[in-house]
Amino acid sequence: MRLDVENVPCIVTLCKIGHRHVVDATLQEKACSVASLIISVTHKGIITCTRKVGRGSLDPESICEMTEAGKRVGKALHSPLMKLLQQEESLGKKRQKVGFLG
């Protein structure tokens, strides 16, 4: 049975470092971050959830900038991810099964 994943959101994490923010930061970048914003975005750019993590604070301007950046990145990730899923599905029975599907 195929699951409908068209409206499943992509999760994007943005870390605040100084006056900038970094998308999907490395461990070293996360260590320099005072706070992060986790955003889930649908293929239409609709934000379904946000969560602030970390001990630092985020000013309203940073939250707006980080939200807009997360929205752009999340929306941009959907198209290539859906293409990969379609390619995988088009392989049919020739598809290599891994994990619990193997």
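Trainee: Which residues does Met82 touch, leaving out those up to four places away in sequence?
Mentor: Met82 touches Val5 and Glu6. Keep in mind that this is a predicted model.

Trainee: Okay, and where is Met82 found?
Mentor: Met82 is part of helix H2.

Trainee: Is Met82 buried, exposed or partly exposed?
Mentor: Its relative accessibility is 24%, so Met82 counts as partly exposed. Buried would need a value under 20%.

Trainee: How far is Met82 from His43 in space?
Mentor: From C-alpha to C-alpha, Met82 and His43 are 9.6 Å apart, with a separation of 39 residues in sequence.

Trainee: Why does Leu77 count as partly exposed?
Mentor: Because its relative accessible area is 34%, which falls between the 20% limit for buried and the 50% limit for exposed.

Trainee: Now the inside. Which residues form the largest nonpolar core?
Mentor: There are nine: Val12, Leu14, Ala35, Leu37, Ile39, Val41, Leu58, Met66 and Ala69.

Trainee: Let's zoom in on Leu14. What does Leu14 touch, again not counting residues up to four places away?
Mentor: Quite a list: His21, Val22, Val23, Ala35, Ser36, Leu37, Ile39, Met66, Ala69 and Gly70. Among the core members, Ala35, Leu37, Ile39, Met66 and Ala69 are on that list.

Trainee: Change of topic: what does UniProt list for residues 7-72?
Mentor: An unreviewed UniProt entry gives "domain: Exoribonuclease phosphorolytic" for that stretch.

Trainee: How much of residues 7-72 is helix, and how much is strand?
Mentor: Over that range the chain is 29% helix and 39% strand, and the end C-alpha atoms sit 16 Å apart.

Trainee: Last one: what is the phi of Asp24?
Mentor: Asp24 has a positive phi of about 45 degrees, although it is not a glycine. For context, most residues other than glycine have a negative phi.

Trainee: And where does Asp24 lie?
Mentor: Asp24 is in the loop between strand S2 (20-23) and helix H1 (27-32). With 47% relative accessibility, Asp24 counts as partly exposed.

Terms used: Residues numbered from 1 in each chain as written. Predicted model: local features only at pLDDT ≥ 70, side-chain atom pairs only at ≥ 80, totals over all residues. Heavy atoms only, no water. Buried < 20%, exposed > 50% of the residue type's maximum accessible area, 1.4 Å probe, protein only. Core = buried A, V, L, I, M, F, W, Y, C linked by side-chain atoms within 4.5 Å. Contact = heavy atoms within 4.5 Å. UniProt positions renumbered as here; feature names shortened; annotations may be inferred. Helix = DSSP H or I, 4+ residues; strand = E, 2+ residues; numbered from the N terminus.
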